[in-house]
Amino acid sequence: MRLIILTSVFLLGAALNSPALLSASASQSILWPGDSISVEDASSHTLVSPSGNFSCGFHKVATNAYTFSIWFTRSADATVVWTANRDAPVNGRGSRAEFRKDGSLVIQDFDGQVVWSTNTGGTQADRVQLLDTGNLVVADAGGRELYWQSFEWPTDTLLPGQPITRYKRLVSASARGLPYSGFYNFYFDSNNILNLMYDGPEISSNYWPPPYNRWWENNRTAYNSSRFGSLDKHGVFTATDNTLLNASDMGDVAVMRRLTLDYDGNLRMYSLDDADGGSWRVTWVALPRQCDVHGVCGRYGVCTYLPRLSCSCPDGYVARDQGDWSKGCKRQFDLRCSDKVRFDKMPHVDFYGFDFNYTSGLTFDECRQICLDDCNCEAFGYKKGSGECLPKIAMWNGKVPDPRQAVYLKVPTRVRNLKPTVPESHGHTCNVQEREANVSSSYLQVKGNKINFAYFYWFLAVVFVVEAIFMAVGYLFVFRAADPAPAAWAVRVDEEGYALLDKISCEPELEELLDPRLRGDFSQVQAAVMLELALSCVDEDPNRRPSMNTVLHKLLSSDDP
């Protein structure tokens, strides 16, 4: 009987220490006070909602950069729906998320700096829990009072039951695969109307619902100031301004859904297709024509479909950055108020907005004269038939919308042989390549399990001491030159200084030079490298002194073989 009990205990201990069970135990939905999640355990230690639909933990966004995020567990690409520190990713070594005993959930970088916090210290918070809705909450012991919840701090996605309000907005990512905040916003404006807005470094402009319509023409109302909207589990989004968005598979409550403001500025509703390996299907989109999104091709850029989305520059203009068309184009010529000018035609093109004197029923010559008379006018649009005149003070949101529309660019007469049609198109792609962060950044790459700052600080101390010795020796040399009979203490210091330098130069036993409190507990290789660097840093010939890049490279590569 005793043998059976001992065998049972042994088997139970082996089972409890098995990798499978350890992995399962790491999959919990609650953090208790004092618990933490380490970035090194990002792949195995996450919070998982009770149903298993959502996971929360450190999400890799680059080779050595992580964010604390919530994602769909079953989606093929682990689609992120919320991020705490989207604009301040932390290092892939030494960072952690900790639920402190004072009630705050914090994210610490590798150096202990807090980069994000729920600011719930001093409350009765008892747990951090990931709910089946995808909502991460800081709650009391009973889970009834919520001191903080991720649903109140959206990033670029709304989940069913998550509201958008007067105080919160969706902000797009800056590019595919990057977490950083971009230029597109989904928000309630001051007229209580939900809008999509391009909020770039140079301009801001709304582009959905159609900005050329008045709000009642867009079937909206401005009279409800409560400003509230949400997506339900049936695939219907409603808001207080009468916005109504229906998914194409509306009604199926078993489908996992999300409403996301994508990096390209378009608002889309998605449904998760489990039968297709966890891929996403678009079930509603705000703008079927991507060129209607503002800022896509930047200033002076023209958006076309040939057959896919492409950006191009008019003749006489070049792309500022072929890798990022949102930066637009720039002129290859100067345009001054004193210049004699002509107007070159771009047929079937419009640059939406920035019309400083819209007038209809004008002749072409009358419209041309308006732009000619204003030094700040860069071009004018003209529609035959209606005689609509659209003089432009800036040229943004270029596209090809109407065969009756043409834009006439103001060009100095000294510039010859321009053909301002769209001569060449380039795909509007945003490629994100994973790469190592530069060692000068906060994501310092190191070998081993931690950064040994003690050696680095000791190296700086050695440099300081050696420089101090040189200064002292130089001072004594000058002093001695002025006084042929130097004091005894000066001779002694002089001799000891040269003796120390001689000792370093003659490769002595390292223990004689190091702090005795180390008691031999140091790396011989690293100490030798630091001594060598210290001497080279104070070389009499500045050209032989190493750069800081060389110093860092040697320090970080000086592990014992």
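## A salt bridge to start with

Lys-327 has a relative accessibility of 41% and so counts as partly exposed (buried means under 20% relative accessible area, exposed over 50%, partly exposed in between, with a 1.4 Å probe and protein chains only). The side chain of Lys-327 meets that of Asp-321 in a salt bridge, 3.3 Å from N to O; the term stands for a side-chain nitrogen of Lys or Arg within 4 Å of a carboxyl oxygen of Asp or Glu. Asp-321, at 28% relative accessibility, is partly exposed.

## Reading the model

This is a predicted model, in which local features need pLDDT of at least 70 and side-chain atom pairs count only at pLDDT 80 or more, while totals for chains, interfaces and linings use all residues. Residues are numbered from 1 along each chain as its sequence is written, and side-chain values use heavy atoms, with hydrogens and water left out.

The protein chain has a mean pLDDT of 80, and 71% of its residues reach 70 or more; pLDDT is the predictor's confidence in each residue, from 0 to 100. Where pLDDT is low, the predicted coordinates should not be read in detail.

## Salt bridges across the chain

The whole structure holds 19 salt bridges. One of them joins Arg-299 to Glu-378, with the closest N and O atoms 3.2 Å apart. This pair links distant parts of the chain, 79 residues apart: Arg-299 lies in the loop between β26 and β27, and Glu-378 in the loop between α3 and β33. Helices (H or I, at least four residues) and strands (E, at least two) are DSSP runs, numbered from the N terminus. Arg-299 is partly exposed at 22% relative accessibility, whereas Glu-378 is buried at 10%.

Lys-392 forms a salt bridge with Asp-350, at 3.7 Å between the closest N and O atoms. Lys-392 counts as buried at 1% relative accessibility, and Asp-350 is buried too, at 11%.

## A four-stranded sheet

An open sheet runs in the order β17-β18-β19-β20, with antiparallel pairing; two strands pair if DSSP finds at least two bridges between them. β17 and β20 stand at the edges with a single partner strand each, so one side of each has no neighbour in the sheet.

Strands β18 (residues 181–188) and β19 (residues 194–199) pair over five bridges. Asn-185 stands opposite Met-197 in β19.
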